[in-house]
Amino acid sequence: MSPARGSRRTPTEQQLEQRARFGRRLRQLRVARDLSQERLAELAGLDRQTIGYWERARTNPGLDEITAVAGALDVDLWQLFVG
């Protein structure tokens, strides 16, 4: 039986590595566009601290947040995961 929605599980090593890869790619795209974390957060309708947490793989973004960041960076969703 799977855990209830919203319950906290300890992430696996694979999940932690995926978070780290996403964070590195997010930072790469943000820096390439000469955006600060604060400016990217503003464009995406998020908090600056959230962007920093993702870049450092401390938290896991949701699909709606990823979509907002992709729009703010003017990239397709897949580009946040490949590169």
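**Close-up views of the helices and their contacts**

View 1. Helices here are DSSP runs of H or I with at least four residues, numbered from the N terminus. The model is predicted: local features need pLDDT of at least 70, side-chain atom pairs count only at pLDDT 80 or more, and totals for chains, interfaces and linings use all residues. Residues are numbered from 1 along each chain as its sequence is written, and side-chain values use heavy atoms, with hydrogens and water left out. At the start of helix 3, a side-chain oxygen of Asp47 comes within 2.9 Å of the backbone nitrogen of Gln49.

**View 2. The buried residues of helix 3 are Ile51, Gly52, Trp54 and Glu55.** They line one face of the helix, since seen down the axis they fall within an arc of 160 degrees. The arc is taken over the directions from the helix axis to the C-beta atoms. Buried means under 20% relative accessible area, exposed over 50%, and partly exposed in between (1.4 Å probe, protein chains only). The cover over the buried residues of helix 3 includes helix 1, helix 2 and helix 4.

**View 3. In helix 2 (residues 37-44), Gln37, Leu40, Ala41 and Ala44 are buried.** These residues lie on the same side of helix 2, because they cover an arc of only 100 degrees around the axis. Glu38 and Glu42 are exposed on the other side of helix 2. The buried residues pack against helix 1, helix 3 (48-55) and helix 4 (63-73).

**View 4. Arg30 belongs to helix 1 (residues 13-32).** Its relative accessibility is 8%, so Arg30 counts as buried. Residues up to four places away in sequence aside, Arg30 touches Leu35, Ser36, Gln37, Leu40, Glu55 and Leu73. A contact is counted where heavy atoms are within 4.5 Å.

**View 5. Arg19 also lies in helix 1.** With neighbours within four places in sequence left aside, Arg19 contacts Pro11, Trp54, Ala57, Arg58, Thr59 and Asn60. The C-alpha atoms of Arg19 and Ala32, 13 residues apart along the chain, are separated by 20 Å.

**View 6. Glu17, Arg21 and Arg24 are linked in a network of salt bridges.** A salt bridge is a side-chain nitrogen of Lys or Arg within 4 Å of a carboxyl oxygen of Asp or Glu, and by this rule the count comes to 4 salt bridges. The closest N and O atoms of Glu17 and Arg21 are 4.0 Å apart, and both residues lie in helix 1, 4 residues apart, about one turn of the helix. Glu17 and Arg24 meet at 3.1 Å, N to O. Glu17 is partly exposed at 37% relative accessibility, as is Arg21 at 45%; Arg24 is partly exposed with a relative accessible area of 48%.

**View 7. Arg39 and Glu42 form a salt bridge, with closest N and O atoms 2.3 Å apart.** The two are separated by about one helical turn, because Arg39 and Glu42 are 3 residues apart in helix 2. Arg39 counts as partly exposed at 36% relative accessibility, whereas Glu42 counts as exposed at 53%.

Conventions. A polar contact is a pair of N or O atoms within 3.5 Å; within protein, one must be able to donate a hydrogen and the other to accept it, and residues adjacent in sequence count only if both atoms are side-chain atoms.
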